[in-house]
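Me: I am new to this structure. Please take a close look at a single part of it with me.

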Amino acid sequence: MSDRVEFLCNGAAVSVDAAPDVSLLSVLREQLGLTSVKDGCAPQGQCGCCTVLVDGAARVACVTPVARVANREVTTVEGLPDAERDALSNAFVDAGGSQCGFCTPGIVMRAAALRASGKQGTRAIDQALAAHLCRCTGWQTIREAMTGDAPHDPARDLGAATRRAELEGGVAQDVGVAVPLGGGGFADDAPPEGSLVAIPLPPGSEADSVEASGLSWVVDDTLDGARRRAGKVQGRRTSAGLRAALPLPELPPRGIRLATSWTEPAYLEPDASWCLPGGEPASPLGNGGAFGGKAHTPAGAAARELADRYGRAVRVVFSREDVVRIGPKRPVFAASAVLDGDTVRLRGACPVSVPSALAAYALDVDARWEIAEADGPAVSADFRGFGLAEQALLVEGALDEAEVDRGAIVKEQCAGVLLATCALAGTGARAGARVSIDAADGALGPVDIRVAAGDVLDEVTLRSYAIGAAHMALGWVLTEGIAVDPETGEVQDLTIRSFGVLRPRATPPIRVQIVADDGPPLARSSDAVFAAVAAATWNALADAEGSRPETFPAHWTRTARMLRR
């Protein structure tokens, strides 16, 4: 049963047929074709990607029934005054406040509402951003875009910026004014009209389904129809505690050890693709690499297989719960390390092969890893800095525990004064970091980063990636984790708020210095930043808390408890 709902959308009167519980997000995207409004977590209402204005106030569209906007005015980025829209999009480009751009249209609308209210300043911005999640930027550049603190450089080469973004993300990526407005070219923004829609069969569903690419799919004429037939329900956050996935190894004398929990990559664009019969599927990597999280997504292959089977275009769409249940996680590990003479002896276990990744030390690193089974979700070795970060923080931890002067043993200090220095094998990109924690109260202070990446190409983009990598590293060490059932291995935390990603008000200032570095542009410098900040954070915890955490996330420490408040 459906009702007629009339409202103003971007200044034009519209009239739509919709069931009473159909969301405003569904109407805007599926009926009106306004794809700037993104679906990052519907119907959780927790990521902010679908934020629009209703009578001038910011509202999350995925939890707003369309019936509630009857006879009201709805505004998306397309409906903002031209001057305001251009000013906001340019501010985000100038600050590097948008990378993949999936979350940014919602943040742009939140910024428009904040400007209209007359509220300014970091506190007001952080309160406004509490309704949002951005995985790429680390919040700081978003703040700068919203306050207008980033200077506009009319001579800036956005082609060079795009090249730096591609070097950091490993896939094609655009940098330009269309990106903050949602024009990043995401797969689910451009399926052919009349496409069938396929969604993964939810656990426990008895809906009719078909098999493709190793999964069961519910297929229908519309996205709402497919989700109704499948009986999809909103994911939940469990009360179960986090646990290390592998047992801690024996602690060597004067050494250190560490075991990690499962973490969710938390990229904002859910896996999606579409394909015509006999055609090539649309890339699930619309404008960035999802930190390696979509390297093996089944979305494209399933779209092709189903399109050939049905003889018409098929659109494959994951919900947030599908991403968490099906998508791979960063490989967990358990390892120990100790400085033995002029050699750091590292012994560990991991579900996948750990690459040899260290090239920064003038001492030997004897790293030996075993393959170990861990009952839990799939893992991928393609994630940001995998191998480099794990080994760098273990080596740095062993050196810190032994109270070694790094200046005597680090081959290439990144400007000489940093507590953690690492080089990314295969590219030569280098980064170092210092993380400060107040020993009196556990407050996390500024993070100082120095990075060398050859020809910079574009300082704004390199800085944005460094800040984003630092934010992710802080979360990995301190707050991020998802509960996994120890008997079934199934993920139990399915909501975005349960991932532990650091919110704006909990993120400390991150200061980036780009070190002059002759030579061609070097790739994946943000991987080196991730490793350096993780290592520096672990060492800072040891100094401030009086003991070194042996599990990640280190949620029991004063520092992490303060960040999660």
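Which residue in β8 is the bridge partner of Pro200?

Reply: The bridge partner of Pro200 in β8 is Trp217. Keep in mind that this is a predicted model.

Start with the two strands. β6 covers residues 196–200. β8 covers residues 215–220. The two run antiparallel, and 4 bridges join them.

Now widen the view to the sheet. It is open and has 5 strands. Their order is β7-β8-β6-β11-β10. At the edges lie β7 (210–212) and β10 (272–275). Each of these two pairs on one side only. On average, neighbouring strands of the sheet are turned by 30° against each other, with direction ignored.

A helix joins the picture. Helix α7, residues 223–230, packs on this sheet.

Thr537 counts as buried because its relative accessibility is 0%, and the cut-off for buried is under 20%. A polar atom of the Thr537 side chain lies 2.6 Å from the backbone oxygen of Val533. Leaving aside neighbours within four places in sequence, Thr537 is in contact with Val435, Leu474, Val477 and Leu478.

How values were computed: Residues are numbered from 1 along each chain as its sequence is written. This is a predicted model: local features need pLDDT of at least 70, side-chain atom pairs count only at pLDDT 80 or more; totals for chains, interfaces and linings use all residues. Side-chain values use heavy atoms; hydrogens and water are left out. Buried means under 20% relative accessible area, exposed over 50%, partly exposed in between (1.4 Å probe, protein chains only). A polar contact is a pair of N or O atoms within 3.5 Å; within protein, one must be able to donate a hydrogen and the other to accept it, and residues adjacent in sequence count only if both atoms are side-chain atoms. Contact means heavy atoms within 4.5 Å. Two strands pair if DSSP finds at least two bridges between them. Axes are lines fitted to C-alpha atoms, for helices over the stretch in contact, and angles run from 0 to 180 degrees between N-to-C directions.
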